[in-house]
Amino acid sequence: MGADYDYIGIGYDNIRRPDPRLAALIRKALGDARTVLNVGAGAGSYEPASCRVVAAEPSGVMLDQHRGRYRVQATAESLPFGSYAFDAAMAIMTIHHWSDVRVGLTEMRRVARRQVVFTWDKDHAEELWVVAEYVPEIRDMEHARFPSLNEVVETLEAEIVIEFPIPFDFTDGYQPAFWRRPEAYLDAKVRAASSTFATLPDRVVEPAMQRLKDDIASGTWSQTHQSLLERETIDYGYRLVVSA
């Protein structure tokens, strides 16, 4: 995973800008924590400024983009910290990249008294249209690498699962962020900040994006998705799991 993000992560922080609404939800879930370990920290999104945060991240490219003071190159499955070294451990849109999710989550429980994990429920019914209609190859990839929400909850013995409907103007450019802004998917820089798009071959992505471009230009997309244009948020199955 570290090697993957040494490639995918170039320019990542220009597109993946923390959204204040998700940041507020994560900060509330961290409770009164003063020391926090950010596992799979990437460029440091959603790290609370009011806490002493240590970033653990396997990719050197991602760590170079991280602006925090305390950083360590490490995997979730082998965290180089003592038991209960932190008040809380957070993992934001990262567990699907881990080689062993159960081991990584168990490590989070070992090093911290509280765990906060933001992930996707792959059994959620409503599917992002760009996957359903243009790049169905993403579906197989996502379902293969994401653990079930039940597995995450059971491993953490979590008490709380919070739904996070995605606002239409969400600033963090991960895959579903542009559900009401279809033209954004045509931007290669936007796609490069999404691990699914970035790892699919051009022979799959480019024809799909040409079809999307044509559908936007002809008005077909807006006619088909008129109901989306009238919505402020949509639930695509993203959840915040909290255990203490």
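**Exercise 1.** Determine whether tyrosine 185 is buried or exposed, and describe its pairing with phenylalanine 178.

*Solution.* Step 1: tyrosine 185 has a relative accessibility of 2% and therefore counts as buried; buried means under 20% relative accessible area, exposed over 50% and partly exposed in between, with a 1.4 Å probe and protein chains only. The model is a predicted one, in which local features need pLDDT of at least 70 and side-chain atom pairs count only at pLDDT 80 or more, while totals for chains, interfaces and linings use all residues. Residues are numbered from 1 along each chain as its sequence is written, and side-chain values use heavy atoms, with hydrogens and water left out.

Step 1: phenylalanine 178 is also buried, at a relative accessible area of 10%.

Step 2: rings of Phe, Tyr and Trp (its six-membered ring) pair if their centres lie within 6.5 Å; planes under 30 degrees apart count as stacked, over 60 as edge-to-face and the rest as tilted. Phenylalanine 178 and tyrosine 185 form an edge-to-face pair, with 5.8 Å centre to centre and 85° between the planes.

**Exercise 2.** State which parts are tied together by the pair of tryptophan 120 and phenylalanine 146.

*Solution.* Step 1: the count of aromatic pairs is 12. Tryptophan 120 and phenylalanine 146 form an edge-to-face pair, at 5.1 Å centre to centre and 80° between the planes.

Step 1: tryptophan 120 belongs to strand 5 and phenylalanine 146 to the loop between helix 7 (137-145) and helix 8, so the pair ties together parts 26 residues apart in sequence. Helices (H or I, at least four residues) and strands (E, at least two) are DSSP runs, numbered from the N terminus.

Step 2: both tryptophan 120 and phenylalanine 146 are buried.

**Exercise 3.** Identify the residues with the most contacts inside the largest nonpolar core.

*Solution.* Step 1: a nonpolar core is a set of buried Ala, Val, Leu, Ile, Met, Phe, Trp, Tyr and Cys residues joined through side-chain atoms within 4.5 Å. The largest has 48 residues, and those with the most contacts inside it are Phe118, Trp129, Val130, Val135, Tyr185 and Met209.

Step 1: helix 11 (202-218) is among the elements that give two or more residues to this core; helix 11 supplies the largest share, 5 residues.

Step 2: apart from this core lies another, of 23 residues, including Val54 and Ala158.
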